[in-house]
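Work through the exercises below with the sequence and the model open beside you, and try each task before reading its solution.

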Amino acid sequence: MQEFEIRSLSRSDYTELIELWEASVRATHHFLTEADIQFYRPLILNEYFDQVALFGVSDQEGVSGFIGVESNHIQMLFIHPGVRERGIGRALVSYAIDALNATQVDVNEQNEQAVGFYEHLGFRQVARADHDAAGKPYPILSMQLEKQPYVKEADVN
């Protein structure tokens, strides 16, 4: 697995993060309408970012992916569509598990790629809600980590 430098993010990164969030959502959340995206954007920017510890991976273009964790719960994970499937999401989730003791995640049921991604990393569904935190009719799956997502080569020797 490629190594990524993960750094803490702050309010000074919010403008860049909200742009990345929107690009990622448009590429992966096909069930959302334009009105939904415009509804969620200020919530993410003005409320949700402040409720989590944010960590990201950057490249020469800027932040390419970020994760938000609150307590032991992954609250958000967004990867720029131009760099998807390069291991950034896996690296951020592994960091959240290893460094932040994250063992839970909520994910949109309709985002089947994300559900499969978390299942591949060892998360299993433990609950389902018919509506998201904003009261919108987008079912949310609560998932719990059941096993470590990978074995590091150094751990095998």
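**Exercise 1: a charged network**

R26 and E22 lie 4 residues apart in helix α1, so about one helical turn separates them. The model is a predicted one, in which local features need pLDDT of at least 70 and side-chain atom pairs count only at pLDDT 80 or more, while totals for chains, interfaces and linings use all residues. Residues are numbered from 1 along each chain as its sequence is written, and side-chain values use heavy atoms, with hydrogens and water left out.

Task: Find how the side chains of R26 and E22 meet, and which residues join them in one network.

Solution. Begin with the pair itself, whose side chains meet in a salt bridge at 2.9 Å, N to O; the term requires a side-chain nitrogen of Lys or Arg within 4 Å of a carboxyl oxygen of Asp or Glu. Next compare accessibility: E22 is buried at 15% relative accessible area, whereas R26 is partly exposed at 36% (buried is under 20%, exposed over 50%, partly exposed in between, with a 1.4 Å probe and protein chains only). Finally, salt bridges that share partners join E19, E22, R26, E34 and R41 into one network.

**Exercise 2: a second link**

Task: Determine which parts R41 and E19 tie together.

Solution. First, the closest N and O atoms of R41 and E19 are 2.7 Å apart in a salt bridge. Then place the residues: R41 lies in helix α2 (residues 34-48) and E19 in helix α1 (residues 14-28), so the pair ties together parts that are 22 residues apart in sequence; helices here are DSSP runs (H or I, at least four residues), numbered from the N terminus.

How values were computed
Helix = DSSP H or I, 4+ residues; strand = E, 2+ residues; numbered from the N terminus.
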